[in-house]
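Work through the exercises below with the sequence and the structure at hand. Each task is followed by a solution in steps.

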Amino acid sequence: MSSLTDLSVHELHELLIKREVSAVEVAKTYLKRIDEVDSKVRAYLTLTPDQALAQAEEADRCLSRDVEEATPLTGIPMGIKDVICTCGVRTTCGSRMLENFVPPYSATVIERLEAHGAVMLGKLNMDEFAMGSSTENSAFYPTHNPWDLERVPGGSSGGSAASVAARTCACSLGSDTGGSIRQPSSHCGVVGMKPTYGRVSRYGLVAFASSLDQIGPITRDVTDCALLLNVISGYDPRDSTSIPRDVPDYTLSLIPGLEGCTIGLPKEYFVSGLDPDVERAVKTAVSALEGQGARLVEVSLPHTEYAVATYYIIAPAEASSNLSRYDGVKYGLRAQGFKDLTDMYKKTRSQGFGPEVKRRIMIGTYSLSSGYYDAYYKKASQVRTLIVQDFRHAFKDCDVIAAPVAPTSAFRLGEKVDDPLQMYLSDIFTIPANLAGIPGISVPCGMDHNGLPIGLQLMATHFGEQSLLKAAYNLELAMGPWRNWPAV
Amino acid sequence: MDYEAVIGLEVHVQLQTATKIFCPCPTTFGALANTHTCPVCIGMPGVLPVLNRKVVEFAIKMALAVNCDIAPFNVFARKHYFYPDLPKGYQISQYESPLAEHGWLDIEVDGRTRRIGITRIHMEEDAGKLMHDENRPVSYVDLNRTGVPLIEIVSEPDIRSPEEAVAYLKKLRQLVRYLGISDGNMEEGSMRCDANISLRPSGQKGYGTRSELKNINSFRHVQRALEYEIRRQTALLLDGQDVVQETRLWDAARGVTFPMRGKEEAHDYRYFPDPDLVPVEIDSAWLTRIREELPELPDAKRIRLKRQYGLSDYDLEILTASRSMADYFEGCVAQFPHPKTVSNWICVELVRLLRQGDQEIDTCPVSPAGLAGLLEMIDNGTISGKMAKDILQQMYHTKKSAREIVEEQGLAQMSDESQLRIVIERVMEGHPKEVERYRAGKTKVLGFLVGQVMRETRGQANPKKVNELLEKALNP
Ligand SMILES: [Zn+2]
């Protein structure tokens, strides 16, 4: 039955509604596989087998009562990035600070998934507070890339991408602040989408950088991505930044043929430093899209070179503020043996946060300080506006922008841990979409000479998820179904 | 050398919306610690604030009442500092673009009107409360107050004396009560005041070095703290020393101010726009609707009452102290159209009863109609003014109407002429000598005869009527 775990969500759904397999069987198969392989991949931080089986039983009751009641997610086993709050299940954010934090509420996306009958297998590893590009910043342990266990899965949603590739969940949720869904999806050979800012509620997503964070699906294929997006999207009165806009049925965008679609290639993204294997894979993918009927044009995003610098002002500034609440007073870690209040704060935050989180809190605190605010935060906000305008201009000439996701394929564990700047550059192609608030998707498009997957990034204008899915779907069609999962 | 005080006030007013500014928790005071809380106001990970638009409405009302310009776009900013009563590590406030700016307020001190500028009004959330264990080095946090909406009203340094400062605060309190946006109670902390004060030689234009006074929680303490600070700074300056720019706390028990230490030292609050909240747009339709809902404000009411009813300034002061007082007055006049009489009775007798009973006009047991009924009975001669005072007191305590009390106790004046004539005849027959003396020209005897009639009627005869009828009978 291990082939059950190789199936996509929509394939599994077919079996479930035909009652060829029960949701409990599916859940048990996944739990067994986790038991077998997760000691190597280490994608999970917390397993919730009891909850999973209870939810699976409920799904089976629903399926046997009336198949019409079932949704495409009924009985589908999922993993959830541990930055998304799950009522009654500890939510650590990959941090010692929240090692024992059990939220008394669930994120809106979790409520939606539950309402659609999804089954939660557990919580997935990540860089601490979503800060990192390799999942090595997890306070607990790094996650390994299922394609090569010596390599990182990318980050910060490394657990979410690795578990989908390792088939220890059918699909997962990640969060993307500067590429944290797309980059690990590329490194693990899965489909990962960062939706438009405001498309998916952030309520219950532990904030890293509030103006950039967005929850998104990580799946085996584009169809699954559309199915998941259908469920998690939509206005939420509990998130003032979510946008009241109807949610289309995204599966309707999955149609063959790209006639009438113009794909823009930003010249600033195809520059030196780009790994030749990556460049070749991306160009092959772009040709495949052309083969599906798309027209190619070159576009320019002239402020791309400032994106990383802008991001590393804005994101740490917001992070330094968002992480102020971890002070040892109300929940989470409180250091022992302090002299007074200030000492309690210092010891708690020194012990609770890892080095990368501390680094960003310091950068952010500095850039918001009086005397520096105008030169850093304010200036960065202005540059951010220019980057938004870059995309606005580019989307006058094209429907979708195609680009690499990351400059290289997955790097080795430990390779960049001592070089934060190199690590930051892993997100060079994904950061602009977060700064602009536009949607982006990573779709597998080839392998490098080491047999590691490479993703193609597609970006569209605000609320252009349908164009993205259509282009991504056509890429999948043109390149043949992605079926060679890593052995682990 | 003569010094002039330059005072600016920063006043925080708690708004009495039903729920908090960014979550649905109730704002009511006095609940068990940490029971009016939720993940949002406790600052748990991942939760988000959602603005209560009623707060904006209340704040706009205040801004309009003090003649401010209202910003069409409102941005909330985060103000950072670490303290256990601040669960997020930042307070959501407004910084660069406050709700309202450039307003003013007229105050009156010693019969002189002065206009005090309002620099800005902004919205923010309140912090929680710390309670320190007296026996152990342990503190407790109560987050019920966290997220209760506040407005901060910052004045220009236009205030020149402690008396003006108090007049300004009283005017603000009167306004928030008129607007129904706060109870403005300083002792309970729903109105809090920080004062910036500096001295300068009289006639000089520039400002001296100021100190900021905190922890002043009553009008009387505002007066005393400012007086103390003026004495302290004057002494320093006369002695050739400098005033240090610092924050000082008012110690009400010792009657002194002293410099603050520790967490209150100069802060870098690292303000930046809160990315969890979208800018609030205040369009003209919204503004118009709020403007239409505004009640008549004290100054306008005073002018109208004066014009409409011709009342004295003293009476107007009392009658416009609160909206309910003015409503009470007008409610009474509507049923008994003698404004001066009504005003007299409210300002003297009713106010005295309220003060004795420690009651506000809102909870006065005598309704405006009730008072009107009483005054009507004086007017038609059923009772005397003197009796009425006693009856009002009984009405106040028993909640009975004037008519009920008069009937139960048989207090109605005897005004029936035929009845009175019988008594008068009897008295004249009983005192023939006095009648003769009167008729001989000793008219003073009239008083004695009236007294006899009153005695016969046990005081219930209408004295005016008795006089009239007796004179007629004596001069046939
Ligand atoms: Zn609350």
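The model is predicted.

**Exercise 1. Burial and contacts in the two chains**

Task: State what share of residues is buried in chain B and in chain A, then describe the contacts of each chain by sequence separation.

Solution. 
- Step 1. In chain B, 39% of the 476 residues are buried.
- Step 2. In chain A, buried residues account for 60% of 488.
- Step 3. Take contacts between residues at least 6 apart in sequence: in chain B, 68% of them link residues at least 24 apart. The corresponding share in chain A is 76%.

**Exercise 2. Overall form**

Solution. 
- Step 1. Chain B contains 16 helices and 16 strands.
- Step 2. The C-alpha trace of chain B extends over about 100 × 55 × 55 Å along its principal axes.
- Step 3. Chain A has 15 helices and 11 strands.
- Step 4. Along the principal axes, the C-alpha atoms of chain A occupy a box of roughly 65 × 55 × 45 Å.

**Exercise 3. Domains of chain B**

Task: Find the domains of chain B and describe the side of domain 1 of chain B that touches domain 2 of chain B.

Solution. 
- Step 1. The division of chain B gives domain 1 (3–287), domain 2 (296–408) and domain 3 (417–474).
- Step 2. The centres of domain 1 and domain 2 of chain B, taken over C-alpha atoms, are 37 Å apart.
- Step 3. Six residues of domain 1 of chain B contact six residues of domain 2 of chain B. On the domain 1 side, helix α3 (residues 162–179) of chain B supplies the largest share, four residues.
- Step 4. By class, that side of domain 1 holds three nonpolar, one polar and two charged residues.

**Exercise 4. Where the chains meet**

Task: How many residues of chain B are in contact with chain A, and how do they divide by class?

Solution. 
- Step 1. The contact involves 26 residues of chain B and 34 residues of chain A.
- Step 2. On the chain B side, the elements giving two or more residues are α1 (39–42) and β4 (77–80) of chain B.
- Step 3. The chain B side comprises 17 nonpolar, four polar and five charged residues.

Note on methods. Residues numbered from 1 in each chain as written. Chains lettered and ligands numbered in written order. Predicted model: local features only at pLDDT ≥ 70, side-chain atom pairs only at ≥ 80, totals over all residues. Buried ≥ 20, exposed ≤ 12 C-beta atoms within 10 Å, placed from the backbone. Contact = placed C-beta atoms within 7 Å. Domains from an automatic or database assignment. Nonpolar A, V, L, I, M, F, W, Y, C, P; charged D, E, K, R; others polar.
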